[in-house]
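This briefing sets out the architecture of the complex shown below. Topics follow one another from a single helix to the domains and the interface.

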Amino acid sequence: MAGERLLTRNWDTPDAVRLPVYEQRGGYKAARKALGMTPAEVIAEVKKANLRGRGGAGFPAGVKWGFINAAAPTKYLVINADEGEPGTFKDRVLMERDPHQLVEGCIIASYAIGAHHCYIYIRGELPKAAKTLTGAIAEARAHGYLGKSCFGRPFELELTVHRGAGAYICGEETALLESLEGKRGEPRLKPPFPAVVGAFGQPTIVNNVETISAVTHVLERGGDAFTALGLPGDGGTRIFCLSGHVKKPGLYELPVGTPLRTLIYEHGGGIREDRALKAVIPGGSSTPVLLPEHLDAPLSVDGLKAVGSMIGSAAVIVMDETTCVVRAMWRLARFYHHESCGQCTPCREGTGWLERVLWRIETGVGRDGDVDLLKSIAENMMGNTICPLGDAAAMPTLGFLNRFRTEFEQHVLQGKCPFGGRFALPAGWQA
Amino acid sequence: MALELTAERKQRLAALVGRYPNKAAACLPALHVVQEEHGAIDADAVEYVARLLEIPTGRVEEVASFYTMYKRKASGRYHIEICTNLTCSLMGAEHLREVLARELGIQPGQTTRDGMFTLSEVECLASCGTAPVLQVNGEFHEGLTPDRVKALVGELRTRAAGG
């Protein structure tokens, strides 16, 4: 099934990281077009596109841009390239294979909100992406597409790559801003929202790499044409990160609303060794797990909400029938415990508690009442923290308990992991 | 002993500081550059960054201790960081971690006595489509198997012996 590719159209062209090649393939037309419009017209186009944020929250980008105080003298655009949600690997590839698409999106978005400095906050663990992007920015500057007057127009823009240093929490926008300011990545209370008080005390818009890369295509073909590719209210195509027990894991750019089944069975080739599907995490590790009965759900913000989960960062992690879901959840809890910044007690203590209780269940020393204890811990974390990291740990816990409670109870009753206390090895591996 | 940077790095640092509305904001990039030269963020490195950015050493210290990439002591020549987050584990990473530990004779978090290898277990490296993965000094190695991991360790040993 060959749908139209926008964001990934240059991925098979190895030299697309170079400006002349990018331009030959139609690049930088959208930015030129945008700079010939008024900022309000650009925002209106992005609103029409119904471009929902691709980082996880799914907030419409055009609406977010509309919140910025246009009269403020100094404003910032900050790109969230701190890709770290387990299962997600699209932004890294977007930056490594088509950096100019992001640079072009940054120019358009900065112009729309009136920012003259844009920071790209890139995850520290991605040095290659940072280098590629830095090279692209230098090229764009040398061509006069960035700097004092972009494309010879009276619009000034500086682009700075800012490397993170290893902290998942910095993917949360206010933690990211703290980190950009040279501090510990501890989230801020909202309000005020970044559009009012963001980076360095100034109004700031924070957008994800894929969202801003998509803006280029919104401008290129127009908001109406872009939205028509997806669903009403949730437009365009997006990049799905398919991983886990499928035959062909990878990145697939598909229209918003493509059924989960199509992604896994047509594009992903189905489950490895034709085993039965057991569970799917549909939107990154923070989103509640789904079952085979949910395979017809459309991959969209509303489509996954309707089945009790979230599209998140569109990271689809597939688990076959050999998978111990207690071990899967334990591994995620361990991650959230490690990444909790420690500011809020329910998250700092709750994530560690979840990890410890899950580990004792998985290792056969779970106690009566542990399954209810997990539920109670998770419920007491939900909504009781400054940022969504607490929720991000609680939601998958409640999701796994909700869908697989019996399996948790079996572990406790039998005093052991029915799956042998490990994940099944890939075919051909010797233990 | 006071820390000194090469002229090239000093220049890069100065340029970095100029990219922000205030000096203090350059704390993360400054720590990266200093670590590149010095191998770790120790008391000297903290002092250096604090003086450069005109902020208290406590400010630098709290930042350096928050982020996992700033090392309190230098790693081995090859820092092997294996992801064991969910997708990688589903694809066999827990087993690969054992293979690595056996091959190197160390556990995650340790450095070999000859200073050649440091092994770390890390969180999602944003490469789940080619899981299981690891990084060696920041460079990706993807689609790993036990044999490929053993071969990689062998290659690194050969490379080290050759210069």
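Which residue takes a positive phi just after H8(A)? A:Gly182 does, with a phi of about 90°. The model is a predicted one, in which local features need pLDDT of at least 70, side-chain atom pairs count only at pLDDT 80 or more, and totals for chains, interfaces and linings use all residues. Residues are numbered from 1 along each chain as its sequence is written, while chains are lettered from A and ligands numbered from 1 in the order in which they are written.

**Confidence**
- The predictor assigns the complex an ipTM of 0.95 and a pTM of 0.97.
- Chain B has a mean pLDDT of 95, with 99% of its residues at 70 or more; pLDDT is the predictor's confidence in each residue, from 0 to 100.

**Helix H8 of chain A**
- Helix H8 of chain A spans residues 173–180; helices (H or I, at least four residues) and strands (E, at least two) are DSSP runs, numbered from the N terminus.
- Because 8 of its 8 residues are buried, H8(A) is largely enclosed by the rest of the structure.
- A residue is buried if 20 or more other C-beta atoms lie within 10 Å of its own, exposed if 12 or fewer, and partly exposed in between, with C-beta atoms placed from the backbone.
- Among the buried residues of H8(A) are A:Glu173, A:Glu178 and A:Leu180.
- Their cover includes strands S1 (76–81), S2 (117–122), S3 (158–163) and S4 (204–208) of chain A, together with helix H2 (27–38) of chain B.

**Domains**
- Chain A is assigned domain 1 (14–228), domain 2 (237–320) and domain 3 (325–414); such bounds come from an automatic or database domain assignment.
- In chain A, the C-alpha centres of domain 1 and domain 2 lie 27 Å apart.
- Their contact takes 13 residues from domain 1 of chain A and 15 residues from domain 2 of chain A; two residues are in contact if their C-beta atoms, placed from the backbone, lie within 7 Å.
- Chain B is assigned domain 1 (7–66) and domain 2 (78–161), and the C-alpha centres of these two lie 29 Å apart.

**Sheet of chain B**
- Strand S1 (residues 78–83) of chain B pairs with S2(B) in the parallel sense over 6 bridges, and B:Glu81 stands opposite B:Ser120 in S2(B).

**Interface between the chains**
- The contact takes 37 residues from chain B and 48 residues from chain A.
- On the chain B side, H2, helix H4 (57–66), helix H5 (86–90) and H6 each give two or more residues, and H2(B) gives the most, with 5 residues.

**B:Ala74**
- B:Ala74 is found in the loop between H4 and S1 of chain B and is partly exposed, with 16 other C-beta atoms within 10 Å.
- Leaving aside neighbours within four places in sequence, B:Ala74 is in contact with B:Gly39 and B:Ala40.

Technical notes: Two strands pair if DSSP finds at least two bridges between them.
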